[in-house]
2 protein chains.
Amino acid sequence: MQDEDLANVMRALGHPVRLSILRILAEQRQGDCCCTDVTQCLPLAQSTVSQHIKVLLEAGLVQRHARGTRNCYSLRADRIEALGAACSGLFSGFVGQASKEVA
Amino acid sequence: MQDEDLANVMRALGHPVRLSILRILAEQRQGDCCCTDVTQCLPLAQSTVSQHIKVLLEAGLVQRHARGTRNCYSLRADRIEALGAACSGLFSGFVGQASKEVA
DNA sequence: ATCTTCTATCGGTAGATGACGATGAAAGAG
DNA sequence: CTCTTTCATCGTCATCTACCGATAGAAGAT
């Protein structure tokens, strides 16, 4: 994962509301969590929530699947796992060098 | 680490230049990397680099230690490790639930 | 066909962010 | 003391972000 992509994903994660949305989606068993459901869990307008979801979509962290009149969202576990791996590599790379000095 | 803090750190990481700065600091052996050194590695003005470093400082990702007329910067390995752990927990939490549906 | 629900998008506003050049303070060198 | 180097901060500008209300289109219900 390139720095540019990684930065994009980090930026998507860099807002408390979006972290909340991810948590809300993670708690849904069936993946049938639509925009209205998410909105009801948050003190924000539907349009605002929709915008945040769009950011998460573009970062590849969630996926959309239409179900009748609803748009349902769920986490993209594959991408999140990849991100976890990328972070591990990133941080261990940093720490590997940095620990020589920080002591 | 609370969502608010986590989001702050993510936001700090959510810019390619700041990721670059972290990489530059990680490559320094002695921790004697000053603002001018970092600036020479980047196509940006010194004031801009100083601003980015400030963001990283406030996120707790780097530390400053004066050395004569220079301000030297190094990574805070402890914080980065903590962040890595927080991310692991976050992602595994997400994936743990999400994987029930994504298959 | 009409009504309702859901939701993406638009338009607008306030505030944050990123970039720059200029400046001034601190610390060492001459 | 004077000069140079370093660098955080300030003022400014352009752009991006976050939020809202309004709207329109799609899909199902009546």
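**Close-up 1. Elements of chains A and B at DNA strand D in the predicted model.** In this predicted model, the surface near DNA strand D draws at least two residues from each of α4 (46-58) of chain A and α3 (35-40), α4 (46-58) and β3 (70-75) of chain B. Among the contributing elements, α4(B) provides the largest share of that surface, with six residues. There are 23 residues around DNA strand D, of which Ser47(A), Thr48(A), Cys34(B), Thr36(B) and Ser47(B) come nearest. Sorted by class, the surface near DNA strand D consists of 14 polar, seven nonpolar and two charged residues.

**Close-up 2. Elements of chains A and B at DNA strand C.** Here the surface near DNA strand C receives at least two residues from each of α3 (35-40), α4 and β3 (70-75) of chain A, and at least two from α4 of chain B. The largest share, six residues, is supplied by α4(A). DNA strand C is surrounded by 22 residues, and the closest of these are Cys34(A), Thr36(A), Ser47(A), Ser47(B) and Thr48(B). The surface near DNA strand C comprises 13 polar, seven nonpolar and two charged residues.

**Close-up 3. Pairing of β1(A) with β3(A).** Strand β1 of chain A, which spans residues 33-34, runs antiparallel to β3(A) and is joined to β3(A) by two bridges. Within this pairing, Cys34(A) has Cys72(A) of β3(A) as its bridge partner. Cys34(A) is also listed among the residues closest to DNA strand C, while β3 (70-75) of chain A is one of the elements that supply at least two residues of the surface near that DNA strand.

**Close-up 4. The antiparallel pair β2(A) and β3(A) and their hairpin.** Strand β2 of chain A, residues 62-67, pairs with β3(A) in the antiparallel sense over six bridges. Along this pair, Val62(A) has Leu75(A) of β3(A) as its bridge partner, and His65(A) stands opposite Cys72(A), the residue of β3(A) that is also the bridge partner of Cys34(A). The hairpin formed by β2(A) and β3(A) has two residues between the strands, and in this hairpin Gly68(A) adopts a positive phi near 65 degrees.

Terms used. Residues numbered from 1 in each chain as written. Chains lettered and ligands numbered in written order. Predicted model: local features only at pLDDT ≥ 70, side-chain atom pairs only at ≥ 80, totals over all residues. Near = placed C-beta within 6 Å. Helix = DSSP H or I, 4+ residues; strand = E, 2+ residues; numbered from the N terminus. Nonpolar A, V, L, I, M, F, W, Y, C, P; charged D, E, K, R; others polar. Pairing = 2+ DSSP bridges.
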